[in-house]
Amino acid sequence: MATDRRASWLKGVLDLLVLSCLTEGESYGYEIAKRLDSAGLGLIKGGTLYPVLNRLEEAGLVEAEFRAAERGPGRRYYRLTTDGRRDLGEQGGAWLDFHHTVKELLGTREGKT
């Protein structure tokens, strides 16, 4: 049951986390998934990650470029657009405000149990 809740929470913030992964420069899907995993969020499978990347691209928040590789398959590299940086700042701030409120309520509740 806790895993289901965690997946639900992650779904609500995954777009922001993906945008955040692109703040330091372009990246491709597998690299983004590895970064999220190493941050402690668990393995985000391609069936979850690539629809997010596609949605962000359609919204104009990221741009993608396919590059052929000398060995193995080519990759789509993603980078933030100006709109993506602005959205990350706005929505990231809103998420942090929400997180603060939840944390305060849980802390208040914790003192009453």
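Me: Which residues make the nonpolar surface patch of about 490 Å²?

Reply: Trp 95, Leu 96, Phe 98, Val 102 and Leu 106 make it. Before going on: this is a predicted model, where local features need pLDDT of at least 70 and side-chain atom pairs count only at pLDDT 80 or more, while totals for chains, interfaces and linings use all residues. Numbering starts from 1 along each chain as its sequence is written, and side-chain values use heavy atoms, with hydrogens and water left out. A patch takes residues with over 30% relative accessible area and no salt bridge, joining nonpolar side chains (Val, Leu, Ile, Met, Phe, Trp, Tyr) within 5 Å and like charges within 9 Å. The areas are Shrake-Rupley ones with a 1.4 Å probe, and for residues only the protein chains shown count as cover.

Me: Is Trp 95 buried, partly exposed or exposed?

Reply: The cut-offs are under 20% relative accessible area for buried, over 50% for exposed, and partly exposed in between (1.4 Å probe, protein chains only). Trp 95 comes out at 33%, so it counts as partly exposed. You'll find Trp 95 in helix H4. Across the chain of 113 residues, 25% count as buried.

Me: On to pockets. How much space lies in the largest pocket?

Reply: Rolling a probe the size of a water molecule over the atoms shows where empty space is left. On a 1 Å grid over the protein atoms alone, a pocket is an open set of points with protein on both sides within 12 Å along at least five of seven lines, whereas a cavity is a set where a 1.4 Å probe fits but cannot get out; lining residues have an atom within 4 Å of a point. Points are joined across faces, edges and corners, and volume is the space filled by probe spheres set on them. In this model the largest pocket holds about 440 Å³.

Me: Which residues lie nearest its centre?

Reply: Trp 9, Leu 10, Val 13, Trp 95 and His 99, out of 15 lining residues. Trp 95 also belongs to the nonpolar patch we began with. Helix H1 (2-21), helix H2 (29-41) and helix H4 (82-112) each supply at least two lining residues, and H1 gives the most, with seven.

Me: How does that lining divide into nonpolar, polar and charged?

Reply: Asp, Glu, Lys and Arg are charged; Ala, Val, Leu, Ile, Met, Phe, Trp, Tyr, Cys and Pro are nonpolar; the others, Gly among them, are polar. For the largest pocket that gives 10 nonpolar, three polar and two charged residues.

Me: What volume does the second largest pocket have?

Reply: About 160 Å³. Its lining includes Leu 10, Lys 11, Thr 48 and Arg 55. H1 and helix H3 (46-58) are the elements giving two or more residues, with the largest share, five, coming from H1. Lys 11 sits in helix H1 and is exposed, at 70% relative accessible area. Between the C-alpha atoms of Lys 11 and Phe 98 there are 15 Å, although 87 residues separate the two along the chain.

Me: How many salt bridges does the structure hold?

Reply: Nine. The criterion is a side-chain nitrogen of Lys or Arg within 4 Å of a carboxyl oxygen of Asp or Glu. Glu 26, Glu 63, Glu 65, Arg 67 and Arg 79 are linked in a network of them.

Me: Why does the pair of Glu 65 and Arg 79 tie together separate parts of the sequence?

Reply: Their side chains meet at 3.6 Å, N to O. Because Glu 65 lies in strand E2 (residues 62-67) and Arg 79 in strand E3 (residues 75-80), the pair ties together parts that are 14 residues apart. Glu 65 also bridges to Arg 67, with the closest N and O atoms 3.6 Å apart. Glu 65 is partly exposed at 32%, as are Arg 67 at 28% and Arg 79 at 27%.

Me: Where do Asp 83 and Arg 86 lie?

Reply: Both are in helix H4, three residues apart, about one turn of the helix. Asp 83 is partly exposed at 37%, and Arg 86 is partly exposed at 45%.

Key. Helix = DSSP H or I, 4+ residues; strand = E, 2+ residues; numbered from the N terminus.
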